[in-house]
Amino acid sequence: MVNFALPSWYTTPMAQIVLVGITCFATVGMFSAVSNLGAGGIDDVRLSDISNSILYGLFAVTGLVSGGINNLIGPQLTLAIGTTGYALYVGSLWCYQTQHAGWFVILAGALLGISAALLWSAQGSIMMSYPLEKDKGKAFAVFWAIFQFGSFIGSIIALAINIKSGGLSAVATSTYIAFLVIIFVGIASAFLILPPNRVVRPDGTIVTLEAASKPHEEVIGMLSLFKDWRILALAPMFFASNYFYAYQGAVNANLFDGPTRALNATLEGAGAIVGALLIGYGVLDLPFLARRTRGYLGLAVVVTLTVIVWSVALSWQVTFTRESIKDIKRINYHDSNYKGKGALYFFFYFADATYQALAYWIMSALTNDPFKLARYAGIYKALQSAGSAGSFGMDAVYTPFLNEHLASWTMMLVSFPLAFLVIRTIKETNYDDEKVVYVDDVKQEHAEHGTAPEHDSIEKASVEGATA
């Protein structure tokens, strides 16, 4: 069998993270973008809530085993399978707009819940295990910025259409086709991802020698998660990490008109991008601080943002209820009472990006093993999705907005002391405890035995040392 030489830049962690970002930009990002264009959940909030509850419920169940599936079949195939549900769901929104087939939206949501768990387990494993320890905050920042740029672009399109037509009562067939084409490009891009045994870090180490795990190892590995007190302590953080989306989306849908919802969505995307870049580069990977200190600093930033942003939101929330807004004119961004609302939506997602970054960074600081981190990512998305299913179900039965706000905020506040306890256990490096293999050593071993390495195209990119 002929081995094709791969460019050295292509086998680097950051190249692979950019590729995963592009895959999620073109699939998850386009799914979020097209949802802002007046279909499905925008026209019928209750249908969207029901579909999302089923989606996240199945997401949660599948997430319990998705990390193991990723480890058995590899991140490339797992990611590719995971992307397919997004094409189906966007197709269902298109069908709903033309045929009002609500059942198809619900079915597509169920299938997306299963496939999305696979995608996010593969993504989490790549993003958390491929980089050097000193680059894990930056890896999140790069991925999250690329991924959220998809939602940002879609929101700008929605805003432009809204401003031009005054609403989004119908979306042209060509628009849906364009989004589906981009999603299929994202599905294809998943096949460009390399397995962990072909990725070489900047210090010359290979992520792992094994391309895949074994079934019995996955069973043992998954059971061990429930015995690790650190994962149990992080469970509230995982559960709360997407809980607030239902509340924020419901307020946006019920209080604002079409153009203003699109503007808020654009500001959300911008806030997520800026927040991810700032905490990834400016806090979690500061080179002059010890790793545990960076964790404490990151936690302090997230706590501060959560308290300030949600306090401001509470001061606004107490001024209205579901009943009080039924007969009032929806807010337009030209209205005087819109002042400050756009900034709030920007900082909702700015704070969200920092919260997600901290959760991923803590998990990635516990180990560098891609198989363990795939399981961590799976359990993270499982609990996160369980929280989302509950929050969308809560909104579907018209729970008072204030109750939804306080539930979301309280869960985040409860998670912080437990996250602090886990950060206290973070070591300066895991390289001393885990097997580290240099690509040059692998080549030398094969040379001594007169055999060729399985992938002799992998070259050592540079030698910088393994300090973090």
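This is a predicted model: local features need pLDDT of at least 70, side-chain atom pairs count only at pLDDT 80 or more; totals for chains, interfaces and linings use all residues.
Buried here means a relative accessible area under 20%.

**View 1. Salt bridge between Arg375 and Glu218.** The side chains of Arg375 and Glu218 meet with an N to O distance of 2.9 Å. Arg375 belongs to helix α13 (residues 370-396), and Glu218 belongs to helix α7 (residues 215-225). The pair therefore ties together parts that are 157 residues apart in sequence. Glu218 has a relative accessible area of 5%, so this residue is buried. Arg375 is buried as well, with a relative accessible area of 9%.

**View 2. Salt bridge between Lys134 and Asp135.** The closest N and O atoms of this pair are 3.4 Å apart. Lys134 is partly exposed, at a relative accessible area of 28%. Asp135, in turn, counts as buried, because its relative accessibility is 13%.

**View 3. Salt bridge between Arg294 and Asp285, and the network around it.** In the pair formed by Arg294 and Asp285, the closest N and O atoms lie 3.9 Å apart. Arg294 is buried at 2% relative accessibility, and Asp285 is buried with a relative accessible area of 5%. Through salt bridges that share partners, Arg294 and Asp285 are joined with Lys134, Asp135 and Lys138 in one network.

**View 4. Salt bridges in the model as a whole.** The count comes to 10 salt bridges. Among them are the pairs Arg375 with Glu218, Lys134 with Asp135, and Arg294 with Asp285. Side chains of opposite charge can pair when their charged atoms come close.

Key: Residues are numbered from 1 along each chain as its sequence is written. Side-chain values use heavy atoms; hydrogens and water are left out. A salt bridge is a side-chain nitrogen of Lys or Arg within 4 Å of a carboxyl oxygen of Asp or Glu. Buried means under 20% relative accessible area, exposed over 50%, partly exposed in between (1.4 Å probe, protein chains only). Helices (H or I, at least four residues) and strands (E, at least two) are DSSP runs, numbered from the N terminus.
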